[in-house]
Amino acid sequence: GGKYGMKDMVKIGKEGEAYNKYEYSNCGLVAGDELSVEELLKGLMVVSGNDAALALAKNSAKTEKDFVKKMNAKAQELGLKDSKFYNSSGLTEEVKDKKYKNEMSAQDLFDLSKYILEKYPETRDYGQMDVLRDKKRKYVGYSTLPLRDEMPGIEGLKTGFTDEAKYCFTGLFDMNKEDPDQDYDLITVVMGAETPEIRATTTKELVG
C-alpha cells in the first residue's frame with residue numbers, strides 16, 4: 001500500500017501548516033495548497049521542508065502514526081539496527097515533558113543513502129537544484145546543501161538539525177568532478193557538528 005505517482009496531487013490540510021514557522025526548515029505550505037508528489041519531494045529534498053515530509057507521509061498512509069509504523073518496518077527490513085522513528089520529519093517531539101527523539105547511527109544513514117541511490121537514482125536530480133520556485137504559491141526557497149560553491153562534485157543529499165543531534169549532513173559526491181583520476185561516488189556522513197561551518201569543514205576533510 002501507499003504507492004502513488006509523481007504527478008498525483010496532494011491537498012494540504014490544516015496540520016500541514018504546523019511546520020510552516022521560522023524555526024523550522026519548510027517550503028511555505030498552507031492549508032488548501034495543492035502540490036504534486038514530485039513538488040513535495042523537491043520541497044523535502046531541496047529546502048529540507050519538514051512541512052513537505054508531513055504532507056508526503058499523510059499521502060502515503062491514513063495518519064502520520066501509520067506512516068511511522070511503515071518507516072520503522074522498512075528500517076527493520078533494510079537491517080538498520082540503530083534506527084527508531086517517531087515522526088516523519090526527524091524533529092524531536094515533546095509530549096507531556098517526555099522527549100521523543102528519532103534515532104539513526106552514522107552507519108545506518110550510510111546504508112540507507114546507498115539503498116536510496118541504487119533504488120531511486122533520480123534522487124540525485126534534487127541535489128542539482130540551487131533554487132526551488134513555485135509561481136503558483138509565490139514561493140522561492142534555496143538549497144540547504146552546504147559547499148555548493150566550493151565543491152563541483154556535490155550532488156546531494158540531505159542536511160539536518162535538532163538540538164540533540166546538532167548539525168548533520170549526509171553528502172553525495174561524484175568524485176570524478178573533484179578529481180578526473182577518480183571515478184566513483186562518495187557518501188559522507190557528519191553528525192553532531194556544533195555549527196554549520198564545522199559541518200561543512202568536516203565534510204570537506206572526509207572528501208579529502
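This is a predicted model: local features need pLDDT of at least 70, side-chain atom pairs count only at pLDDT 80 or more; totals for chains, interfaces and linings use all residues.
**Exercise 1. Describe the second largest pocket: its volume, lining and main contributor.**

Step 1. On a 1 Å grid over the protein atoms alone, a pocket is an open set of points where a 1.4 Å probe fits, with protein on both sides within 12 Å along at least five of seven lines. Lining residues have an atom within 4 Å of a point.
Step 2. Give the volume, which is the space filled by probe spheres set on the points, joined across faces, edges and corners. For the second largest pocket the volume is about 320 Å³.
Step 3. List the residues closest to the centre. Of the 13 lining residues, these are Glu64, Lys65, Tyr86, Asn87 and Glu93.
Step 4. Name the element that gives the most. Helix α3 (residues 64-77) does, with four residues. Helices (H or I, at least four residues) and strands (E, at least two) are DSSP runs, numbered from the N terminus.
Step 5. Sort the lining by type. Seven residues are nonpolar, two polar and four charged. Ala, Val, Leu, Ile, Met, Phe, Trp, Tyr, Cys and Pro count as nonpolar; Asp, Glu, Lys and Arg as charged; the others, Gly among them, as polar.

**Exercise 2. Characterise the aromatic pair of Phe161 and Tyr167.**

Step 1. Count the pairs. The structure holds three aromatic pairs.
Step 2. Classify this one. Phe161 and Tyr167 are 4.4 Å apart, centre to centre, with 40 degrees between the planes, and the pair is tilted. Rings of Phe, Tyr and Trp (its six-membered ring) pair if their centres lie within 6.5 Å; planes under 30 degrees apart count as stacked, over 60 as edge-to-face and the rest as tilted.
Step 3. Check exposure. Buried means under 20% relative accessible area, exposed over 50%, partly exposed in between (1.4 Å probe, protein chains only). Phe161 is partly exposed because its relative accessibility is 38%. Tyr167 has 23%, so Tyr167 is partly exposed too.

**Exercise 3. Which two non-glycine residues, Ser48 and Lys96, are buried or exposed, and where do they lie?**

Step 1. Read the backbone. Ser48 has a positive phi of about 60 degrees. Lys96 has a positive phi of about 50 degrees.
Step 2. Ser48 sits in the loop between α1 (37-45) and α2 (50-60). Lys96 sits in the loop between β3 (93-95) and β4 (98-100).
Step 3. Ser48 is buried, at 7%. Lys96 is exposed, at 80%.

**Exercise 4. Locate the peptide bond from Gly156 to Leu157 and state its geometry.**

Step 1. Read omega. The bond is cis, with omega near 5 degrees.

Technical notes: Residues are numbered from 1 along each chain as its sequence is written. Side-chain values use heavy atoms; hydrogens and water are left out.
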